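I opened the model today and kept notes as I went. The entries below follow the order in which I looked things up.

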Amino acid sequence: MVYTRAMRYRAETTRYEAMEYRRCGESGLALSALSLGLWHNFGQEADSQAARAMVECAFDRGITHFDLANNYGPPPGSAEERFGRILKESLSPYRDELVISTKAGYTMWPGPYGDWGSRKYLVASLDQSLKRMGLEYVDIFYHHRPDPNTPLEGTMGALSHLVNLGKALYVGISNYKADEANRAMALLKEAGTPCILNQVRYSILDRWVEKDGLLDAMANRCGTICFSPLAQGLLSSTYLDGSIPTESRAREDHFLKQKMITPYRVQLLNELNTIARSRGQSLSQMAISWLLKDERITSVLIGARTTAQLGENIDAISHTAPFTAEEREAIDRASERWG
Ligand code: NDP
């Protein structure tokens, strides 16, 4: 749809009726059980109307949390610019109903101050992100990955400084292992700006957070939000027949490699799909429900290419049943064989 002033977006009045909201650890902030991530499909080349429709559809169905990073695009920065335009044209009247996050930690500009975890980089990067999105503050600012060369005190001190400046309301970490996360949380707590959210890769097919002890380390202290819950689309109907559609992440062969999709793994995906169908769900819905069955999980951070995908995933909130012991075991067995 081409928008004019007279056709301004109005959010659905029913938007809070079906979504579930979960608190981030010990903080007072609740997130929608599903959050929308803008890593893919919101860059410079993305379809503007599809991108806007996804954000509006998400909000209309109770998703309050939108997740960005300085480097989302391509090119880096362009997803924040696009989100800024969507905010201005559609969602700005609803700013106080939104939790907007961004991150810094990956390469953003050349030289020693455009990457990793120094105060110099983090302060400049958040200023740039705010400018691109047209915001005065973000709700959550994350350090995107641990920096082996900057003392953790320095990185956490910078996050705390940004909260004290009013440029972020809360802070979080991402891609930290359990021991690093424990140290980071202790430093932030000491500084009076507790870490409210840890963003981790977690899905039926990727269990590293269970093995690392990270989920247990976070429990009751800090929220956990899971990214790539569909293993970048593998846990969906897309690859079940073994082919790689033109419009799919695996077709790009960059973040999701085609060599992952072997006949053996396609068979495992079909086994998981059979379990999902017997539960009355699609595979993507079961992948989401499987994460949300764990009360330690605050929110599941999904991506989408279309509003149809997004709608199917949001339906997981209402189309779910408790997992039986047999289902959980069968899912675990398929996951172990995935390798
Ligand atoms: P997912 O695992 O949910 O993968 C999303 C992709 O799966 C979509 O783009 C689409 O890909 C496919 N898909 C989604 N729903 C369906 C459906 N119903 N049917 C068929 N295909 C579907 O999550 P992402 O990997 O995109 O990560 C989500 C968010 O997490 C990111 O946007 C970002 O905000 C965050 N993230 C954070 C990271 C970090 O380091 N902190 C790293 C990575 C992500 P397609 O149709 O193109 O195949």
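Helices (H or I, at least four residues) and strands (E, at least two) are DSSP runs, numbered from the N terminus.

I noted that this is a predicted model, in which local features need pLDDT of at least 70, side-chain atom pairs count only at pLDDT 80 or more, and totals for chains, interfaces and linings use all residues. Residues are numbered from 1 along each chain as its sequence is written.

Entry on H11. I looked up helix H11, residues 307-314, and found Gln309, Leu310, Asn313 and Ile314 buried. They lie on the same side of H11, because they cover an arc of only 130° around the axis. The arc is that of the directions from the helix axis to the C-beta atoms. The cover over these buried residues includes strand S3 (34-37), helix H1 (48-60), helix H10 (283-292) and strand S10 (297-302). Contact here means C-beta atoms, placed from the backbone, within 7 Å.

Entry on H3. I then went to helix H3, residues 119-133, which has 15 residues. From first C-alpha to last it reaches 21 Å, close to the 21 Å expected; the expected span is 1.5 Å times one less than the number of residues. Which residues of H3 are buried? I listed Tyr121, Leu122, Ser125, Leu126, Ser129, Arg132 and Met133. Their arc around the axis is only 125°, which puts them on the same side of H3. Among the elements that cover them are helix H2 (78-91), strand S5 (99-104) and helix H4 (152-164). After H3 comes Gly134, with a positive phi near 70°.

Entry on the core. A nonpolar core is a set of buried Ala, Val, Leu, Ile, Met, Phe, Trp, Tyr and Cys residues joined through C-beta atoms within 7 Å. The largest one has 92 residues, and Ile140, Phe141, Ala184, Cys226 and Val300 touch the most other members. H10 gives the largest share of this core, seven residues. Leaving out residues up to four places away in sequence, I found that Ile140 touches Val99, Ser101, Ala168, Tyr170, Val171, Gly172 and Leu197.

Entry on the whole chain. I counted 12 helices and 10 strands. Of the 339 residues, 44% are buried. The C-alpha trace spans about 55 × 50 × 40 Å along its principal axes.

Conventions:
Buried ≥ 20, exposed ≤ 12 C-beta atoms within 10 Å, placed from the backbone. Contact = placed C-beta atoms within 7 Å.
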